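My plan was to look up how two chains meet, and then one residue.

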Amino acid sequence: MASSENQTSVEYIKHHLQNLQVCKTDQGWVWNHCESAGFWTIHVDSLIVSFLLGALFCFGFWRVARNAKVENPGRWQSFVEMIFEFVDKSVKDTFHGKNPLIAPLALTIFVWIFLMNLMDLVPVDLLPWAASQAGVGYLKVVPTTDANITFSLSLGVFLLIIFYSIKVKGFGGFIGELTLHPFSSSNKFVQILLIPVNFLMESIGLLAKPVSLALRLFGNLYAGELIFILIAVLMSAGIGGFIGGGIAYMIWAIFHILVIVLQAFIFMMLTIVYLSMAHEDH
Amino acid sequence: MNINFTLFINMIFFVGFVWFCMKFVWPPIMAAIKERQDKIAEGLAASERSAKDLELAQAKAADMLRDAKTQSAEIVDSAKKRHAEIVDSAKDDARSEADKIKNGAMAEIDQEVNRAREQLRSKVATLAVAGAEKVIERNIDEAANNDLFDKLVKEL
């Protein structure tokens, strides 16, 4: 807890859950006073970390791709290929069409989300403390604890679902899928009556996909981060609290290694499944 | 959890990264993996093929070895036979040669004996004449005696 003496636990926690923001208000673009700004707010820290990690992924993998050796691959290439084969296998097991986008999309999602989740294992106070030394008041280092980031990914996937649904089944087929299932009848009149019911159910099902994707990732990581913060608070409570908190922090971090990989994998897997469903014609 | 403009900026990042990955990362690495897989499969097939070849070659070698063994046994047999023949013929040759030498020697011995006998005969005649000359001395008519001696020589 990089606390000054005059900071209470509640303030500490609130401080840690606060993004570095810039927003457009009546006075122009301002930093960190965005309660009234609403939509035109930008979480600068989330975006910077997210962009850096995505770029790191692209650069690291691109370096392998640029001089990929067939014989005698290096360590880094072997590691990258291991991830490739894992993703490729997951895609091939689930997605039975031919689409050159799905596999790179799954790979990007998996590695990028994993890297963003990995920021959770950086000690909670380290980077915010460094930032405060540099004069930046707020810093939230785990982008996936920001719902904006998780929703941006899941909405991207959602748009692809709709795009491929329409592309594969045609617009009429897509509307038909939304309105003629799950209840159908041979009687025309009953069928027309059933359309609103079907539409309600199917559209909820469709909308639930991106929402559940985003909220699952966000919820897991936000809760994990919050527990790290609470443990950090405990560590400020005397020598006993410091030792106990240290042990608890370590255990939670070890457990979290599982969580961050798992969440990245689930996001990737569900993306593949949803897109595979979008490609299937009934 | 307040949704704002951040979402849309990050979505642009997302699209960019996926595009980059699809364009520059996925295809070359996948191609390398595929090529390696092909190479490995090829190598395995080749090794299987060569194992089969080896088996064939081994069978062939065993056949050849067996042939060579029988052939060599035959050669040894015939050589033994030939050996026996040579030994026999040499024995015969030696025997006949020995006979020839023996016969020659015999003939020579006979000749020598005959010659010695002739010499002895002529020497006995002159000796007898000389002895008779000494015994009888001058009172004997040489011509009558010569007849007598000639008769004696002929009887010898």
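How many salt bridges are there between chain A and chain B? I counted two (a salt bridge is a side-chain nitrogen of Lys or Arg within 4 Å of a carboxyl oxygen of Asp or Glu) between these chains. In one salt bridge Arg36(B) pairs with Glu81(A), with 2.6 Å between the closest N and O atoms.

I noted the ground rules. This is a predicted model, where local features need pLDDT of at least 70 and side-chain atom pairs pLDDT 80 or more, while totals for chains, interfaces and linings use all residues. Residues are numbered from 1 along each chain as its sequence is written, chains are lettered from A in the order in which they are written, and side-chain values use heavy atoms, without hydrogens and water.

Next I looked up the interface. I found 52 residues of chain A in contact (heavy atoms within 4.5 Å) with 30 residues of chain B. The two chains bury about 3700 Å² between them, buried area being the accessible area (1.4 Å probe) lost on putting two parts together, summed over both. Carbon and sulfur atoms hold 78% of that area. Val70(A), Phe84(A) and Asn148(A) supply 17% of what chain A buries against chain B, more than any other three residues.

Last, I looked up Ser46(A). Is Ser46(A) buried or exposed? Ser46(A) counts as buried because its relative accessibility is 0%, and buried means under 20% relative accessible area (1.4 Å probe, protein chains only). I listed its contacts beyond four places in sequence, among them Asn19(A), Lys140(A) and Ile149(A).

Technical notes: Buried means under 20% relative accessible area, exposed over 50%, partly exposed in between (1.4 Å probe, protein chains only).
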